Every structure is written in C-alpha cells, then in structure tokens.
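Hi everyone, thanks for coming.

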Amino acid sequence: MKYFKHILFTIALLSVGLSAVAQVQSDEELTGKSAYIQGLEAFESGEYERAEELLLQAKNNLPDAAGVNFALADTYLEMNNLPSAALYGKQAVDKDPENKWYRLKLAHIYRQAGRNEATLDELNTLLEYHPNDFDVLYMLADTYKSYGEFVRSNEILDKILRLRGGDSAVLMQKFRNYEALNLPDSAIVQLERIREIDPDNLEMLNLLGQYYARSGKTAEAKETLNDALERNARDPQSLINLAGIYLDEQKWDSAGTLLTDFVSDPLNAAEEKMNIARFLYSRVQEQDQNIHLKVETERVLDAFTATEQDFGPAFTLAGQYYSQTAQPEKALENLEQANQLLPQDEMAWRQRLQLLLQQERYEEVTEVGSQAHERVPDDAFIQFFVGSAYMLLENNQEAERWLENASRAPARRPFKSAIYSTLGDVRSNLGEHQSSDESYELALRYDPDNDNAMNNYAYNLSVRGENLERAKELALKAIEVAPENASYLDTVGWVYFKLGDYDRAQRFIKASIDTGVASAEVLEHMGDVYEQLGDMEQAREWWQQALEKDPDRTHLQEKIN
C-alpha cells in the first residue's frame, strides 16, 4: 500500500531535519541526505535494490531519521522482504509514534505477514492518537473483514458513517460483510441506502435487482431494473437481469421481445449484443428441452446475425447453437459465414468440419479442411478431421499424412490419444502392422482409458492371430468401459475365437447381436463360430443373414455353398 508518494517525500524531508536556515549541516549529514533523496528517486523508478543500497547508506549517516526508516520499510515491502520491512517500519514508529502514515505502513506490513494481532494493535494504537481518522478506521474495518470478523468490521464502518454521513463505498463494504454473514435482508438495506445516495449507479441498481429477485421480491426487482433502464435504456446488464426474471416467470414472449429489440437496434454495440446472445444460449444449455426458450433464443440469434452481418463472432455463436440443437444445415450456413468473416477463428472451422464429418460429407471435409489448414496451420483438430475423412474415403495414405501432422501439433493428452488411435487404424489398413501397434501403444500411453484404442488394437491383433493374451486383456478392459457396445463385445468374442474358446466366443458374439446394432461382420463371426462348433446349418444361416445385411461381402456365398 503506497501512500501519496509526494507526501511521503515531504514528510521524510521534514523527519530528517532538512533545514538549511535552522542549522549548519555536517558533511556526514549532507552525504546522508543526498543518499536519501537519491534513494527516494530510485524507489519511484522501481529500482528497489538501488533504493535499498542508498537508503541504507542514508541510515548509516542519519541514524535518528524516522523518514529514512519509513522509506526503507516501504522499499523492503516492495521487495517482498517482510521481516526487514517490519524491522524498519517499527523503528520509524518508535521514533515518531504519532505519525499516522508510519503506523499505517507498519500495520500494512504486519497484515501482509499474517500477523493479525500485531496489525490490530497498531491500528487501535493509532486511533488513540487519531480517534476519528477515516483512513485508519477504514483500514481497521477492512482488516477485520479480511480476518473474517464481519460483525466487528461493520461496527467500525458504522462509526465512519456517523462521522461522515452517507458514503457509497462504506455502505458497499457493509453490504459485502452482510453478504458474507448470509444476511440477505441486511445486505439489501445497504444497497437501498446506496440507491438513495447515488440513484444513477447502474451497477448498484442491477445488484439490488438481483438481490430482490433472489429473495422472492419479484415486483421490487422489476421496479428496480426498470428504473435502471429508464436511466439507460441500452444497458445490457439491466436487460439481461430483467429478461432473466421474465424467463423464471415463464413469460417467454416478454423476455424474447425485450432482448430481440435490443439486438435489432443498430445503435447498440455488437459486443453488447453478444452478451445478450450468450446469456440466452447458456439458458438453453441449462433447459435443453424447453421449446419456448429455444424459439426466443433463435429469434435473438437470427436478429443478431441479420443486423451485424460483418461481425464474425455472431455467426460462430449461432453455428454453435444450431449445431447443439440438432439443426446442422443452419449451423453449417452460419459457420461458413463465420469462416469468411473470421478466417483465423479455429473454433468455427473445427465445428464446421465436425458437422460435415458427422453428416458423412467426407469430400467436403477434405476440401473445407484444406482451406482451414491454410488459414489456421498446425491445428490438431483440423488435421484430425481431414485425416479421418480421408480414412473413411479409404484413401489411407493421405489419411496417414494428415494424422501424422496432427500428432505433432499441440493438443491435450486425451485428444493426442484419439489421434494416435486413428493413426493406428489407418496404418493397420495399410498393412503397416508394427507402426500400427506402436500408434495404439502411444494412444494408450497418452490416455490409458481410451476404450476405442483398446478395442481396435485388440481386434487387429486378433485378426492377425498375434499376441492374443494382450488382445484379450485390452478387449476385456474396453467392455468394462462400455459393456453394451456391440463392436466391443464382438471383439472379445473374436479374441476368444482365435484362442480356440468357441463357447465363450459364441456367448460374447451373441451378446453383441442382442444389442440390435451388430454389423454384418458380427453376423459372419457368429457363422464362423458355429462352423467350428460343427453346426453347419446354423453357420450357413448366420452367413446368409450377413450377406443380406451387406451384399458386398460376396465371399460369404462361397462359405454358404
């Protein structure tokens, strides 16, 4: 805590007795005062080590100068050397016990050092010399508050109010204390008193409106927030708070009209409209089944993008909203516009690519992803989505290139794991089995709970008939994470098949089929199990079902024949 440095300079000069008129000074005194003044200049410039050196020299030449001790205490405080700060602060106080600034500084040092009792002792002693001093009283109240003694703090604040009359800052401190004491009624009283003193304070009006609303005083809350809007009809926080009350009352039209009018007004700043849109979006996330809320949110978002056609963040937010509310075409439309307005916004590119990937529009993913990569190079997500699209297009060489680049880009460990897991799939498709296994192992090193990596790694090992015990370990761990996943159940069954345990194989593959989402490959596996169990009639039946589900599996006809 720095107290008016120009005052500090004046006090310090007086304390060392600098008076050319009063006395003839010795060389030692002149040297000390010169070092002192240079030390203050160094302190003001932030050169604390230099200030320390000069002030210690001054201290040596002027051992009885309280101002030098005070300056040293201030310097050591800035250097976070609290023991030395306390030492010199105490010396300054001892030499001039009534000096308000010296003792305030010492109290502040003690408070920083966590010496609670010492802090209070210095402040209470100071009040004996200056019983009605505002600075001392306010610091004492703030100290009690920081120690959790909120009642005692309010007693001191009440004394300040008796001495000075209404003071918004003091009343706000009382409000915070009552808030900490969980006494909302008393807290509201302080805000009401501030309102009487400073009726144009929008921050206070919003806080009071929120407190009224939380206390169930809806009428008072509305009156207060409408008062705020009469003073500034374009205050977004007042609009948000009032709209929040309407939403809680299920007055969807009232809330929606209030906010739509704001975002439709071309005079309002785009950033303030953004706060309105984010507010509604967050409410939808909390109540994702509320159709009334969704309608009003969409009206606001559409009005926002219509009136701010050059404001990229509006389209990014709208894209996020429509994506999460299962409206992919509107999401893609907004995200494409966001990409044009803010080509360096990686989030908009990522969301657009992810949506295209989910819609199986793989060619578009590769085209849009290439554009994104030019604008936002070395983004792991963009490279991953493009690599995944190439894999699904069965262009595994190009997929490998993109995924290798993604693996080198910065990303969090779980996403790194997903990249390496997909790279393992691609390399397996390319027949690069050693590299594939290494990729899966890296995936599991980055995220030991990556069940997709466990399953795919186990399945590839089982298909090759290699390291089957490791495959079984991985497959069993994967179904612990997702026990009803049809693919995972089939993998466990196929590992047992490769181990020659056809009974367990049949049971796990049946569990996969019973999920109702088993692929043609799983049906074929069941046929293979029955073949090994010697039941060719059942084997042919399952192979036939697999062929009907996927006519491209023409090799099954040979098995059936």
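**The largest pocket**

Let's begin with what lines the largest pocket: six nonpolar residues, nine polar and four charged. Here Ala, Val, Leu, Ile, Met, Phe, Trp, Tyr, Cys and Pro count as nonpolar, Asp, Glu, Lys and Arg as charged, and the others, Gly among them, as polar.

A word on the source: this is a predicted model, where local features need pLDDT of at least 70 and side-chain atom pairs count only at pLDDT 80 or more, while totals for chains, interfaces and linings use all residues. Residues are numbered from 1 along each chain as its sequence is written, and side-chain values use heavy atoms, leaving out hydrogens and water.

Which element gives the largest share of that lining? It is H26, with six residues. Helices are DSSP runs (H or I, at least four residues), numbered from the N terminus.

Now please find Thr224, in helix H13, residues 218-231. Is Thr224 buried or exposed? Thr224 is buried, because its relative accessible area is 0%; buried means under 20%, with a 1.4 Å probe and protein chains only. Leaving aside neighbours within four places in sequence, Thr224 is in contact (heavy atoms within 4.5 Å) with residues including Arg195, Leu205 and Tyr212.

Next comes Leu239, in helix H14, residues 236-248. Leu239 is buried too, with a relative accessible area of 4%. Not counting residues up to four places away in sequence, Leu239 touches Leu229, Ala233, Leu258, Leu259, Phe262 and Ile276.

Technical notes:
Helix = DSSP H or I, 4+ residues; strand = E, 2+ residues; numbered from the N terminus. Buried < 20%, exposed > 50% of the residue type's maximum accessible area, 1.4 Å probe, protein only.
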